[in-house]
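Dear colleague,

I am handing over the structure below for your work. My findings follow directly after it, grouped by topic.

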Amino acid sequence: MLVDSHAHIDVRDFDADRDFIVNECEILIVNAGVDLQSNLKTLELARKYNNIIPAIGFHPEFVKDKINEVDRCVELTRYANIISEVGLDYFWIKDNELKRKQIEILERFLQIAESEEKPVIIHIRGGMKDFLEIITSFKKVKFVIHSFEGSVKIADKVIELGGLISIPPIIVRDKDRQRVVKEIPLDSILTETDSPFMGPEKMSRNKPCNVKFAIKQISQLKRVEEDEVEEKIYKNFLALVSSRLATG
């Protein structure tokens, strides 16, 4: 069973062929909400497709323009067993006050994750140092760094704190991600697509079944058969979410 631990199938890019894309291969798809509208759409898609798992959150980029939606997004987490897309983005958000607001919102979602034992899939761009300090206060929270783009040293720190590293198909053309995957244990890896972004080819629409490209690259780097990589990643995902899916 393939696993796409982070996708955005709700976006308009898939309006014309969503049914085909979702059912193109045998795969579990975690669809990540980013604001109120996409959270509602994510829940709708999960009701329609058996292989879509909803993840509810508030993207840190929207701290500037949609902060009035945070409370409603928080309320919607009750309807999902995974929290995402939440995190810190200092790449697009430079204002220090808005960065502090991002931290407040992230901590709010982490508190829910801890109290309700829900895994969290984290968006980090430029805020890794702050995140690693924050997550130490939430020792019971299972977390994944979505589309990890840091160094081997940072990946090791994430793993030391109990986190997983999620790898998109862009790894086929990204030497830095290849270097990280080669050095970290397979036990700590998930696959994702971030569809429609992060595809194996530049400027192409990414799709969930493209996780097979990530699996092939991981297989080559780890010198492990593709079937074994796929099975291990599926088991890693089940370990992340099994308690929530069992009770949800």
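Angles run from 0 to 180 degrees between N-to-C directions. In those terms, helix α5 (residues 128-135) lies across β4, β5 and β6, and it runs at about 170° to β6. Please note that this is a predicted model.

The sheet

Eight strands make up an open sheet with parallel pairing, and their order is β1-β2-β3-β4-β5-β6-β7-β8. At its edges are β1 (2-7) and β8 (189-191), each of which pairs on one side only. On average, neighbouring strands of this sheet are turned by 30° against each other, direction ignored. Helix α4 also packs on the sheet, where it touches β4 and β5; the direction of α4 makes about 155° with that of β4. Strands β5 (residues 120-125) and β6 (residues 143-145) pair in the parallel sense over three bridges. Within that pairing, isoleucine 121 has valine 144 of β6 as its bridge partner.

The largest pocket

The volume of the largest pocket is about 780 Å³. Its lining comprises 28 residues, of which His8, Val34, His59, Glu85 and Phe197 are the closest to the centre. By class, the lining of the largest pocket divides into ten nonpolar, seven polar and eleven charged residues.

The cavity

The structure holds one cavity of 30 Å³ or more. The largest cavity has a volume of about 40 Å³. Which residues line the largest cavity? They are Phe58, Pro60, Val63, Val86, Gly87, Gln102, Ile105 and Leu106. Both β4 (82-89) and α4 (96-116) supply at least two residues of this lining, and the largest share, three residues, comes from α4. The lining of the largest cavity has six nonpolar and two polar residues, with no charged residues. The lining of the largest pocket, by contrast, includes eleven charged residues.

The disulfide

How many disulfides does a search of the whole structure find? There is one, formed by cysteine 25 and cysteine 209, with their sulfur atoms 2.0 Å apart. This link is left-handed, with -105° about the S-S bond. The pair joins distant parts of the chain, 184 residues apart: cysteine 25 is in the loop between α1 (18-22) and β2 (27-32), while cysteine 209 is in the loop between β8 and α8 (211-222).

Backbone details

Two cis peptide bonds deserve mention when you prepare the model. The bond from serine 84 to glutamate 85 is cis, with omega near 15°. Glutamate 85 has its place in strand β4, and it is also among the residues closest to the centre of the largest pocket. The bond from serine 195 to proline 196 is likewise cis, with omega near 10°. Proline 196 lies in the loop between β8 and α8, the loop that also holds cysteine 209. Finally, serine 147, a residue other than glycine, has a positive phi near 50°. Serine 147 is located in the loop between β6 and α6 (152-160).

With kind regards

Definitions and conventions
Residues numbered from 1 in each chain as written. Predicted model: local features only at pLDDT ≥ 70, side-chain atom pairs only at ≥ 80, totals over all residues. Heavy atoms only, no water. 1 Å grid on protein atoms, 1.4 Å probe; cavity = no way out; pocket = protein on both sides within 12 Å on 5 of 7 lines; lining within 4 Å. Points joined across faces, edges and corners; volume = space filled by probe spheres on them. Helix = DSSP H or I, 4+ residues; strand = E, 2+ residues; numbered from the N terminus. Nonpolar A, V, L, I, M, F, W, Y, C, P; charged D, E, K, R; others polar. Pairing = 2+ DSSP bridges. Contact = heavy atoms within 4.5 Å. Disulfide = S-S within 2.5 Å.
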